[in-house]
Amino acid sequence: MPTLQDIALKTSGSAAKLVSGHRMCAGCGIPVVLKEVLAASDKPVIVINATGCLEVTTAVYPYTAWNTPWMHLTFENAAAVAAGIEAAYKSLKHRGKINGEVNILAVGGDGGTYDIGFQALSGALERYHRFMYLVYDNEGYMNTGNQRSGATPFGASTSTVPAGKVSPGKPQWRKNLVEIAAAHRIPYVGQSAVHNTLDVFKKAQKGFSADGPAVLAVLQPCTTNWSFDSALTMQYSRLAVETNFWPLYEIENGIVHITSKPTNRKPIEDFLKGQTRFKHLFRPENQHVIVEMQEMIDDEWDRLVKLEASGVRF
Amino acid sequence: MGIRKAITGAQAAAEAMRQINPDVVVAYPITPQTPIVEQFAAYVADGIVDTEMIPVESEHSAMSATVGAEAAGARAMSATSSQGLALMWEIVAATPGLRLPIVMPLVNRTISAPLNIHCDHSDVMGVTTLGWIQIFSENAQEVYENILLAIRVAEDRRIQLPVMVNQDGFITSHAVEPVEIFDDAAVQSFVGIRSLERSLLDTEHVRTIGAMALPDYLFEAKRAQEEAMGNVFQVYKEVGRELSSITGHAYPYFETYRLDDAEAAIVVLNSAAGTAKVAVDAMRGRGKKVGLLKPILFRPFPYEEVRAALENIPAIGILDRSMSFGACAPVYTEIRSVLYELDTRPKVQSYVFGLGGRDILSTEVEAVFEELLTGELDSKRQRYIGLRG
């Protein structure tokens, strides 16, 4: 297993596939996620990027921050474009027109994955194209200013479902994308978080080497729209894991494995504190929302632990 | 000389695709395009072609994956109709800007609502502003040859734009006709192999494809697209001449039928041109001087050449199989525009016919000719053929 230093060396200098000069916000974790994932490939990577933060900040003509083949088409179809590229790769190889091996990586935010890109993703997983789908999950449409997505957590205030005098924010819990992906009976699905470089790297390695489609969901706190000090991105990512709000686990060939178990689960307030999107929950009339959220998190964790212990295949 | 086969327009499209043997085909079935996909899938299943075929979950993904495959350097094809075209509209619109030479047969069917699976041109006329080359086909033979022609026009270095090859739903796609299929080897030598010079899979030459272009650059990209569209006329002629050496057929921008001395003419696309030819012959048999102009290359539109063909005709009826609600119908708009440059302009009349697959009879076309010959036309009011009430 490589050390952090080994991984860091793969993300810098001439080895860097995503280089400096891009326009992402100070404190954004997205480039960190991409560097961690791209470092895990031992082959050239073809990147297909859904419209979103990563895309609009890294390829503004006539500039590009990509030192690896990269393509953007539209918002909801990164998985379908990846499917076409994989088919082309197979066909051109079969016909002797190209040589060499590549990995294919489709990347989207949670909007382009949980919501508008969901159908294309499901179709590509079901057809079993050999590619990895990476979602950098910042729990809403952050590129356009914090609108609600299917990944936005219960109780969060967004610009399309704001907290108000009679509303405590989003009334629904989020989808479980990892389990939905696993239900396609694909060889590898992982859930990770940006602060844990080794965890992201290891899961990306497994995803790239899977003999079929892989999905990797990485939590990426948004300094701009969750609205916290830009120095604290990694801290919020760590708190999401330490509170069991975002467990680190994987489903490999259908078998659940929790890759990090907090010894003392921290209360969810520790994660909520300091984020503007949850500020309203600390008003007395919304205390019940936090209680409910804690119950949901604990229930989901219990279920996940039982799933792992059962050894039952997805 | 080729082999004559009794096949439908849909099968003719599939025959062209069999000979092209694309690297990748991506499609989603939709009536009346389905037999193209089914026939091609059978070729794949029997090993007659070695194409990678992806049966996707929607037309949006069909065009998305086709674009991905083409960006990767493959020769990739899809096919659709109507609602399918509507669902893939977003990606259809993006394709010319990415300069990807995708060739897609389009089996023309009306757009809902009301739901209807039959022919009209409301699907294609909704996408003629997007930058695809548009070629129309009267019958199955033309479908077959136009698809072969389209591959070479699209992929020419001076063009690098996508092409739709249109045929009428059911009327052409499902009717069996004799179609002459030319020698596989000759056709394959004609279509050649797509160049990999812009391939995303070329990891030695790393490319960024589909970058965002802001107000400082987008306009120039679009202007370059328009320049390429302007180059189509020359390339279409050159490629057509080359294809002629295999087929013996000519590939004009449009076909004229008994037009030279005509006192009245009809302009109409696709299969109805066949019906109109029967009407022209009947009228000519009665001593009436009438003729037909059938546009084939509709985008880019050959204004100058159409003007030269129509300038001496006193009365012209333009038959549209779709409407542009609240405005002039699409083909009528082009012909009016064609005639603007003339000092003395022919009289024109717009007719709408055949929506949702309503038949047009040769006797109805004859009635149009009779009306045109009376000269009692109103260029400001659209008339209807075969409409109740």
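The model is predicted: local features need pLDDT of at least 70, side-chain atom pairs count only at pLDDT 80 or more, and totals for chains, interfaces and linings use all residues. Residues are numbered from 1 along each chain as its sequence is written, with chains lettered from A and ligands numbered from 1 in the order in which they are written.

**The sheet**

Nine strands make up an open sheet of mixed pairing. Their order is β8(A)-β7(A)-β5(A)-β6(A)-β4(A)-β3(A)-β1(A)-β2(A)-β9(B). At the edges lie β8 (255-260) of chain A and β9 (208-209) of chain B, each pairing on one side only. Strands are DSSP runs of E with at least two residues, helices are runs of H or I with at least four, and both are numbered from the N terminus. Two strands pair if DSSP finds at least two bridges between them. Strands of a sheet pair through backbone hydrogen bonds, either parallel or antiparallel.

| Strands | Sense | Bridges |
|---|---|---|
| β2(A) and β9(B) | parallel | two bridges |
| β4(A) and β6(A) | parallel | six bridges |
| β5(A) and β6(A) | parallel | six bridges |

Met132(A) is partnered by Ala214(A) in β6(A). Gln191(A) stands opposite Ala217(A), also in β6(A).

Helix α10 (residues 233-242) of chain A lies across β5, β6, β7 and β8 of chain A. Its direction is at about 120° to β5(A). Angles run from 0 to 180 degrees between N-to-C directions, and axes are lines fitted to C-alpha atoms, for helices over the stretch in contact.

**Buried elements**

A residue is buried if 20 or more other C-beta atoms, placed from the backbone, lie within 10 Å of its own. Six of the six residues of β6(A) are buried, so the strand is largely enclosed by the rest of the structure. Ala214(A), Leu216(A) and Val218(A) point one way, while Val215(A), Ala217(A) and Leu219(A) point the other.

Helix α2 (residues 30-39) of chain A is mostly covered, with 10 of its 10 residues buried.

**A helix pair in chain B**

Helices α1 (residues 9-20) and α6 (residues 140-155) of chain B pack at about 30°, their axes 8 Å apart. They are therefore roughly parallel to each other, a term for angles under 35 degrees. Their crossing is right-handed. Residues of α1(B) including Ala12(B), Ala16(B) and Ile20(B) meet residues of α6(B) including Val143(B), Ile147(B) and Ile151(B).

**Between the chains**

The contact takes 41 residues from chain A and 40 residues from chain B. Residues are in contact if their C-beta atoms, placed from the backbone, lie within 7 Å. On the side of chain A that touches chain B, β1, β2, α4 and α6 of chain A each give two or more residues. Helix α4(A) gives the most, with 13 residues. By class, this side has 25 nonpolar, 12 polar and four charged residues. Ala, Val, Leu, Ile, Met, Phe, Trp, Tyr, Cys and Pro count as nonpolar, Asp, Glu, Lys and Arg as charged, and the others, Gly among them, as polar.

Key: Two residues are in contact if their C-beta atoms, placed from the backbone, lie within 7 Å. Angles under 35 degrees count as roughly parallel, over 145 as roughly antiparallel, 65 to 115 as roughly perpendicular and the rest as oblique. A crossing is left-handed if the near helix is turned anticlockwise from the far one by less than a right angle, and right-handed if clockwise. A residue is buried if 20 or more other C-beta atoms lie within 10 Å of its own, exposed if 12 or fewer, and partly exposed in between; C-beta atoms are placed from the backbone.
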